[in-house]
Each structure stands twice: as structure tokens, then as C-alpha cells.
Amino acid sequence: MRLLPWEYLFTRFSSHTFPDLYTATWVATVGLLVALVILYNVRTRALHRHAPYLDMYEWLLWTGISLFGLILVAAVFNFYLIVMLVILVTGLAVMVWVRFVRFPPAFEVYEQKLAKQRYFTRSKFAHPEATIRPKGAKAAKAGGGRSSGQRARSNRGRRRR
């Protein structure tokens with residue numbers, strides 16, 4: 001360490017000035033970018049019917065691609081360390097904001113909607129008679145236009161199923 005700590009903020013981020021951080025930074029960035037894309041694909045397949053969660057993962061994907069892409073560009077073109085830190089802090093702050101501030105109210109509304117759907121479905125089928133089809137008076141009297149032999153064969157087939 002030859003400079004004062006705040007003087008390092010205005011030096012170029014390269015393998016010569018920061019030999020211990022440079023390689024670790026770009027390798028971690030590439031690894032996190034790949035992990036982010038894999039996480040997005042896995043979670044969107046698992047939650048394909050839940051729109052608010054898909055929206056959140058899409059926000060996180062594009063924020064992560066922007067963040068990690070900018071860090072890679074800054075590392076390759078040797079930006080100043082302060083620029084790298086601003087990119088990193090801003091990108092991580094946006095990811096935290098998306099996950100913990102922007103989408104939780106939407107999740108609460110969506111969970112209430114699902115709870116209402118479950119309640120109405122449960123109340124609809126709460127009575128035993130709700131799942132039994134009532135026979136129509138005309139079909140029972142007329143036999144539906146079939147002869148007694150046809151009716152007997154169709155009933156035998158139902159019992160086997």
C-alpha cells in the first residue's frame with residue numbers, strides 16, 4: 001500500500017494497480033451473471049402461473065444483467081475504482097429495492113386474491129350434493145331415446161370404469 005486509502009479511489013482498476021482484486025472481480029461477476037440467468041430460468045418455470053413473481057424475476061434479471069455487464073465493461077476498460085464502486089452500490093441497491101420494496105405489496109394483493117379463490121372453491125364443494133349431478137326429469141322418463149338394451153349396455157360400461 002503506497003497511497004492513502006482515498007487516493008486509490010481515483011486510480012485505474014487494472015491488474016497492475018489492484019492485482020489481488022482484479023481477477024477475483026471479473027471471475028465473480030461472470031459467475032454471478034451465469035447464476036442469475038440459471039436462477040431466472042428455474043424460477044420462471046416453477047412459477048409460470050404467478051404473474052407478480054414472474055415480473056419480479058424479470059426485473060431482477062435485467063437489473064443483474066445491467067449491473068454485471070457494467071462491472072465487466074468497467075474491469076475490461078480499466079475505469080477508476082470509484083466508478084466501479086458507484087456501479088456496484090447502485091446496482092445492488094436497485095436489486096434490493098426491487099426484491100424488498102417494490103414487489104412485496106403486489107405479493108400481498110396476489111396472495112389475498114388466491115386466498116379468495118381458494119375460499120370460494122372450498123365453499124362451492126363443501127356440500128356433498130355439490131359434486132353429484134342431478135338427473136333431469138325428461139331424461140329419466142324418456143330414457144334419452146335409447147332402447148332398454150342400449151341403456152343396460154351403457155350402464156354396464158360405467159360400472160367397470
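Biologist: Hi! Which residue follows α2, and what is its phi like?

Modeller: That is Asn78, and its phi is positive, near 55°. Keep in mind that this is a predicted model. A positive phi stands out here as Asn78 is a residue other than glycine.

Biologist: Where is the place of Asn78?

Modeller: Asn78 sits in the loop between α2 and α3. With a relative accessible area of 26%, Asn78 is partly exposed.

Biologist: Back to α2 itself, then. How far apart are its end C-alpha atoms, and what span should its residues give?

Modeller: The end C-alpha atoms of α2 are 37 Å apart. Its 26 residues should span 38 Å at 1.5 Å a residue, so the two values agree.

Biologist: And which residues of α2 are buried?

Modeller: The buried ones include Met56, Tyr57, Leu60, Leu61, Leu67, Phe68 and Ile71. Pro52, Thr63 and Gly64 are also among them.

Biologist: Why would residues a few places apart point the same way in a helix?

Modeller: An α-helix has 3.6 residues a turn, so residues three or four places apart point the same way.

Biologist: Good to know. How many residues does the largest nonpolar core have?

Modeller: The largest nonpolar core has 22 residues, and the ones with the most contacts inside it are Phe13, Met56, Leu60 and Leu67. Helices α1, α2 and α3 each supply at least two residues of this core. The largest share, 9 residues, comes from α2.

Biologist: You named Met56. What is Met56 in contact with, leaving aside its neighbours within four places in sequence?

Modeller: Met56 is in contact with Val98, Arg99, Phe103 and Phe107.

Biologist: Let me switch to Thr29. Is Thr29 buried or exposed?

Modeller: Thr29 counts as buried because its relative accessibility is 5%, and the cut-off for buried is under 20%. Thr29 is found in helix α1, which covers residues 19–46.

Biologist: What does Thr29 touch, not counting residues up to four places away in sequence?

Modeller: Thr29 touches Phe68, Ile71 and Leu72. Phe68 and Ile71 are among the buried residues of α2.

Biologist: Now for the rings. How many aromatic pairs does the structure hold?

Modeller: The structure holds 8 aromatic pairs. In one of them, the rings of Tyr53 and Tyr110 have centres 6.5 Å apart and planes at 75°, so the pair is edge-to-face. Tyr53 lies in helix α2 and Tyr110 in helix α4, so this pair ties together parts that are 57 residues apart in sequence.

Biologist: Which of those two is buried, and which is partly exposed?

Modeller: Tyr110 is buried, with a relative accessible area of 12%, whereas Tyr53 is partly exposed at 21%.

Biologist: What about Trp59 and Phe103?

Modeller: Trp59 and Phe103 form an edge-to-face pair as well, 6.1 Å centre to centre with 80° between the planes. Trp59 is in helix α2 and Phe103 in the loop between α3 and α4, so the pair ties together parts 44 residues apart in sequence. Trp59 is partly exposed, with a relative accessible area of 35%, while Phe103 is buried at 4%.

Biologist: Which residues do ring pairs link into a cluster?

Modeller: The cluster links Tyr53, Trp59, Trp97, Phe103, Phe107 and Tyr110.

Biologist: One last thing: which residue lies over the face of Phe103?

Modeller: Arg102 does, at 5.0 Å from the ring centre.

Note on methods: Residues are numbered from 1 along each chain as its sequence is written. This is a predicted model: local features need pLDDT of at least 70, side-chain atom pairs count only at pLDDT 80 or more; totals for chains, interfaces and linings use all residues. Side-chain values use heavy atoms; hydrogens and water are left out. Helices (H or I, at least four residues) and strands (E, at least two) are DSSP runs, numbered from the N terminus. Buried means under 20% relative accessible area, exposed over 50%, partly exposed in between (1.4 Å probe, protein chains only). Contact means heavy atoms within 4.5 Å. A nonpolar core is a set of buried Ala, Val, Leu, Ile, Met, Phe, Trp, Tyr and Cys residues joined through side-chain atoms within 4.5 Å. Rings of Phe, Tyr and Trp (its six-membered ring) pair if their centres lie within 6.5 Å; planes under 30 degrees apart count as stacked, over 60 as edge-to-face and the rest as tilted. A charge sits over a ring if NZ of Lys or CZ of Arg is within 6 Å of the ring centre and within 35 degrees of the ring normal. The expected span of a helix is 1.5 Å times one less than its number of residues.
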